[in-house]
Amino acid sequence: MMDHLSERDRLPDDDGPSEVRAAVYARTSSTQQSFGHSLDEQVRLSIERCHTLGWEVVFIYRDEAESGKDPDRPMFQSMLSAAEMQAFNVIVFWKLDRFSRSLMHAVQLESELRQSHVGLYSITEQIDTTSAAGRFNFRNIASAAEFERDMIRQRTRMGLHALAAENKWPNDNPPLGYSIDCDGRLQIVEKDAELVRKIFSQYLEVRSMPEVAEWLNQSGSATRENNPWTPRAVGDILRNKIYYGYYELEGVSELVPEYRILDQDLFNEVKRVRHRYKSTGAVKGSMPTTRKGQTMDRMYQSYCDYLREND
């Protein structure tokens, strides 16, 4: 909600504001926010700071149970619209994470608000862009944060390059058919690898991912995440080049023989079948007779179940 003040207080003086006119912004991410972080407490502390600084509070904006990642928070957007009309000079908040989803997002907002001569002020952090010195400090903080973010990205890329150089797997979730050994490399699990081979050969037989998924579910098989098989999950298996030993990570692309579960010719044949309509421009033919029969049987069974439930 937004607390309304008088119309006189909402507008800056014609000759420029003779005093700082503040808008207080408060946000909680849930209705059960603990004391000290509550809307009322954020507003109270912000108003007290404004009084200490001699600033006049002309607006109070409150967003309750709104995520900081959502820029479309109702009162937040209302506040930004009022800022464009220069209805106040500074936005005061308890803490930066109440106002913005990140420091870099705050830097972007600060740049936009500066066009309307509106500053930012945090009562718990060294953020105050109402003065030249404060803006300088704020940009230094932002530059340091951006530098640290770039360094983390660089270290992450270096780590991935190091993994790729030794053909190691980059996470704790190997594809179906593999586990990860103590050195971080893939290790074939023969029982699961045999299921992968059956999926490829079954697809070549029926030429339909939905039918393969149905076959897997009827046989009592489940995905690695213990979910029912879907056509998309089957497609993920059929498209994964690691099954013929092709390893690819961070610019490293090579065949790793010990990762091979099936022959590359089989993989390529499945790929040709998957792309049969794209490559030839042909129009899909009619549904095979066996598949038609299966579809009709399912429809008839569903109809019988419906009749029994509504008898």
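**Figure 1. Salt bridges in the predicted model.** The whole structure holds 13 salt bridges, a salt bridge being a side-chain nitrogen of Lys or Arg within 4 Å of a carboxyl oxygen of Asp or Glu. Side chains of opposite charge can pair when their charged atoms come close. This is a predicted model, in which local features need pLDDT of at least 70 and side-chain atom pairs count only at pLDDT 80 or more, while totals for chains, interfaces and linings use all residues. Residues are numbered from 1 along each chain as its sequence is written, and side-chain values use heavy atoms, with hydrogens and water left out.

**Figure 2. The salt bridge between Glu190 and Arg197.** The closest N and O atoms of this pair are 2.8 Å apart. Glu190 is partly exposed at 47% relative accessibility (buried means under 20% relative accessible area, exposed over 50%, partly exposed in between, with a 1.4 Å probe and protein chains only). Arg197 is also partly exposed, at 24%.

**Figure 3. The network of Glu41, Arg44 and Glu48.** Salt bridges that share partners join these residues into one network. Within it, Arg44 and Glu48 have their closest N and O atoms 2.6 Å apart. Both residues lie in helix α2 (residues 39-53), four residues apart, so about one helical turn separates them. Helices are DSSP runs (H or I, at least four residues), numbered from the N terminus. Glu48 has a relative accessible area of 41% and is partly exposed; Arg44, with 37%, is partly exposed.

**Figure 4. The salt bridge between Glu166 and Lys168.** The N to O distance here is 3.4 Å. Glu166 is partly exposed, with 43% relative accessibility.

How values were computed. Helix = DSSP H or I, 4+ residues; strand = E, 2+ residues; numbered from the N terminus.
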